[in-house]
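Hello,

I am passing a structure on to you, along with some notes on what turned up in it. Please have a look at it first, and then read on.

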Amino acid sequence: MHTDELHWFVVLAETEHVTEAAAELRISQPTLSRALARLEDQLGTPLFDRVNRRLRLNAYGEILLEHARRSIAEMRSATERIAALRDPDTGTVRLAFLHSQASWFVPDLLRRFRVEAPRVQFDLVQGAAHEIVDRLAGGQVDLAITSPRPEGCRWRGLYMERLCLAVPRDHRFAGRARIRLAEADGEPFVALAPGFGLRQLTDELCAEAGVTPQIVFEAMEIPTMEGLVAAGFGVAVVPVPRRERAEPDAVYIPLAQASAKRQLGLAWSGDRALPPAAGRFAEFVIQNPHEAA
């Protein structure tokens, strides 16, 4: 059932006259009659009652008319969305990003990009690193701001975050300027759940330091970790926070390990070309990393 023929049917149903419908559609009457015959043959029933050389839409035709109008509207909407997606000035960027980038980094990028491209729309989703990788692989998003670097994706590093040990303000480590993670062996740890990029990095750092962390709580977001640390539940490996984002009742001690850092970057599939709007945004992010760090 072709979209054109559905449109022809709608016009015929509204005029209930082959000659008038053919004239409006600018096709011949035989062409329209043959299309109607094919449609009725496919459905196995007449769609009109023939009364005094005119057509009267019957109950079967009423059902098809309802769905045909809906189908035509959906196709029109899809065409408009695809056209917008292909336009770097009015398209849509499907962007995934880590929870930890939601409070300042991503909003700042979007704010600055919208000055340059105010008509570009964004379809945003935040999540854990493994969820972001799945969305990239499945084609559900065009771009991702994530860490660590996903396997099998194209990548551009944006900025580096140093990692530290967050401890309660009254903790015995609170006065330290630096600390080796090995010194925290035996401490209760608050961590992110498995699958989060920071949890992966924490596990790697602990293994490197010979530490088996006693994890007392697995959180879904870094602010939750920091709040639990401040409440005395344990210690946590977190990025050194921006001053205005720090938990006031926690102390952040830089880790001495050279590997205690995570790189945030922009990832996209190497198997699919980026839509124009997404390509434009990617170019903007890559060319302006210093402003975002």
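By class, seven nonpolar, four polar and two charged residues make up the lining of the largest cavity. Here Ala, Val, Leu, Ile, Met, Phe, Trp, Tyr, Cys and Pro count as nonpolar, Asp, Glu, Lys and Arg as charged, and the others, Gly among them, as polar. That makes 13 lining residues, with Leu98, His99, Ser100, Leu192 and Phe196 nearest the cavity's centre. The space inside is about 100 Å³.

A word on the source: this is a predicted model, in which local features need pLDDT of at least 70 and side-chain atom pairs count only at pLDDT 80 or more, while totals for chains, interfaces and linings use all residues. Residues are numbered from 1 along each chain as its sequence is written, and side-chain values use heavy atoms, with hydrogens and water left out.

The whole structure holds three cavities of 30 Å³ or more. A cavity is a set of points on a 1 Å grid over the protein atoms alone where a 1.4 Å probe fits but cannot get out, and lining residues have an atom within 4 Å of a point. Grid points are joined across faces, edges and corners, and a volume is the space filled by probe spheres set on the points.

The second largest cavity has about 50 Å³ of space. Its lining consists of Glu5, Trp8, Phe9, Leu12, Leu32, Ala35, Leu36 and Leu39. Helix H1 (3-15) and helix H3 (29-43) each give two or more residues to it; helices are DSSP runs (H or I, at least four residues), numbered from the N terminus. Seven of the lining residues are nonpolar, none polar and one charged.

Best wishes

Notes
1 Å grid on protein atoms, 1.4 Å probe; cavity = no way out; pocket = protein on both sides within 12 Å on 5 of 7 lines; lining within 4 Å.
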